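Try each task before you read its solution.

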Amino acid sequence: MEYVVASLILLAVLVVGAIGLVVPRRRRRELPPTGGSATTTLERPPTAPVEEPTLPPLPDELPPLVQAPTIEKPEPTAGRLVRLRARLSRSQSVFGKGLLSVLSRDHLDEDAWEEIEDSLISADVGVEATQALVERLRERVRVLGTRTVAEVRQQLAEELTAALEPGMDRSLRTAPHDGRPAVVLVVGVNGAGKTTTCGKVARVLIADGRTVLLGAADTFRAAAAEQLATWGERVGAETVRGPEGGDPASVAFDAVKRGIDTGIDTVLIDTAGRLQNKVGLMDELGKVKRVVEKHGPVDETLLILDATTGQNGLEQARVFTDVVDVTGVVLTKLDGTAKGGIVIAVQNKLGIPVKLVGLGEGPDDLAPFEPAAFVEALLGTDA
Ligand SMILES: Nc1nc2c(ncn2[C@@H]2O[C@H](COP(=O)(O)OP(=O)(O)OP(=O)(O)O)[C@@H](O)[C@H]2O)c(=O)[nH]1
């Protein structure tokens with residue numbers, strides 16, 4: 001019995017001992033390595049001293065948030081009419097091919113002279129101017145007797161140039177004076193090309209080193225002011241605008257004031273298109289001019305005439321001339337008509353010089369008007 005009790009005690013001791021040996025081993029396997037230490041201290045890994053991030057230095061001028069529009073560099077104006085001569089191709093066929101081929105016939109009888117008159121009238125030269133021109137030409141041909149094509153061409157060119165009154169002053173009064181900008185008022189019927197002409201003239205002036213401000217006195221159409229401002233952005237000219245439907249005279253006044261305050265050379269004022277038979281609108285135009293003139297006289301009032309409207313344009317012109325004292329005509333869209341003779345009619349009837357001609361929709365398709373170069377372009381080189 002004593003042996004049994006002793007064996008049981010020994011067995012119990014062995015079992016406890018065996019458990020004691022096994023459990024710590026299992027625990028050790030489950031625990032993460034402690035580096036020999038019995039206690040696990042959560043230490044951060046050694047770190048380098050925290051440094052403030054260093055920002056690169058700011059540039060003197062911050063780049064603009066919105067990309068500024070690229071300012072365009074227009075072509076020089078000198079010789080533009082010659083460069084754009086091909087645009088007169090429709091008129092060229094009337095003058096160069098039509099007239100010259102008749103004039104070069106061996107015998108110029110009454111029928112031939114009538115044909116010549118008809119061609120000139122259908123090219124919008126106007127009846128009176130045509131008759132005067134044909135009379136002079138007949139006389140020269142009669143006196144000269146024998147005629148070569150070159151001689152006839154020369155005589156026709158001289159007569160056409162004379163009819164264009166080359167002695168007229170065609171300079172644009174755009175230079176600042178008396179400490180204030182020159183003011184140019186741009187007028188005409190709807191769609192004649194006023195806004196486009198303002199933009200083209202601004203380009204020319206800026207290319208010549210002038211500073212320009214645009215006044216959007218067309219307050220009827222928001223799109224018109226927008227169109228003008230776009231031209232301004234493209235060439236680097238500020239545009240003064242007013243609220244839609246606002247008083248155009250007040251916008252024009254503000255534009256000139258701003259031009260004076262900022263020392264601008266030339267202020268170009270674009271007005272709304274108006275029909276010459278709308279009395280209220282014509283009165284309004286008169287008001288625009290009077291209000292602007294509180295700052296000083298308007299230097300140039302340009303009437304924009306669409307060449308494709310032909311003799312109708314002359315009627316419009318007369319009414320505008322009565323209201324605002326037009327100092328120069330810009331004949332637009334000559335590229336789209338066979339009636340280049342309208343230049344002669346305009347000057348002949350109105351006694352106002354054509355100063356500029358529009359020969360396309362492109363930004364540089366505006367040329368100073370030069371009678372001799374214009375006639376050369378009309379007659380063409382191959383005649
Ligand atoms: N072919 C041609 N088109 C031109 C010329 N000048 C202007 N135009 C075009 O004629 C259209 C009318 O021009 P605008 O400048 O808007 O005319 P606007 O007189 O200001 O018009 P409103 O403000 O409506 O009175 C546009 O499509 C121009 O591109 C030109 O010399 N030749």
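The exercises below concern a predicted model.

**Exercise 1. Strand S2 and its neighbours**

Task: Decide how well strand S2 is covered, then find which strands pair with S2.

Solution. 
- Step 1. Locate S2 at residues 212-217. Count its buried residues: 6 of 6.
- Step 2. Check each face. On one side sit Val212, Leu214 and Ala216, and on the other Leu213, Gly215 and Ala217. Each of these residues is buried, and both faces are covered.
- Step 3. Look for bridges. S2 is joined to strand S4 (residues 266-271) by 6 bridges, and the two run parallel. Strand S3 (residues 238-240) also runs parallel to S2, with 3 bridges between them.
- Step 4. In S3, Thr239 stands opposite Leu214.
- Step 5. Trace the chain from S2 to S3. The path passes through helix H8 (residues 222-235), and the β-α-β crossover is right-handed.

**Exercise 2. Strand S7 and its neighbours**

Task: Is strand S7 enclosed or open, and which strands pair with S7?

Solution. 
- Step 1. Find S7 at residues 354-358. Of its 5 residues, 5 are buried, so S7 is largely enclosed by the rest of the structure.
- Step 2. Take one partner, strand S6 (residues 328-332). S6 and S7 pair in the parallel sense over 3 bridges. Leu331 has Val357 as its bridge partner in S7.
- Step 3. From S6 the chain goes through helix H12 (residues 342-350) to S7, in a right-handed β-α-β crossover.
- Step 4. Take the other partner, strand S8 (residues 366-368). Here 3 bridges join the strands, which run antiparallel. Ala367 in S8 stands opposite Val357.
- Step 5. Compare with the record. An unreviewed UniProt entry lists residues 353-366 for "domain: SRP54-type proteins GTP-binding". Over residues 353-366 the chain is 43% strand and 0% helix. The end C-alpha atoms of this stretch are 16 Å apart.

**Exercise 3. The ligand shell**

Task: Which residues come nearest to the ligand, and how does the shell divide by residue class?

Solution. 
- Step 1. Start with the shell of 20 residues around the ligand. Gly193, Thr195, Thr196, Gly273 and Gly358 come nearest.
- Step 2. Sort the shell by class. The shell has 11 polar, 6 charged and 3 nonpolar residues.
- Step 3. Helix H7 (residues 194-207) does, with 3 residues.

**Exercise 4. Domains**

Task: How far apart are the centres of domain 1 and domain 2?

Solution. 
- Step 1. Note the bounds. The domain assignment gives domain 1 as 80-163 and domain 2 as 182-326.
- Step 2. Take the centres over C-alpha atoms. They are separated by 37 Å.

Methods. Residues numbered from 1 in each chain as written. Predicted model: local features only at pLDDT ≥ 70, side-chain atom pairs only at ≥ 80, totals over all residues. Buried ≥ 20, exposed ≤ 12 C-beta atoms within 10 Å, placed from the backbone. Helix = DSSP H or I, 4+ residues; strand = E, 2+ residues; numbered from the N terminus. Pairing = 2+ DSSP bridges. Right-handed = clockwise from strand over helix to strand, strands pointing away. Near = placed C-beta within 6 Å. Nonpolar A, V, L, I, M, F, W, Y, C, P; charged D, E, K, R; others polar. UniProt positions renumbered as here; feature names shortened; annotations may be inferred. Domains from an automatic or database assignment.
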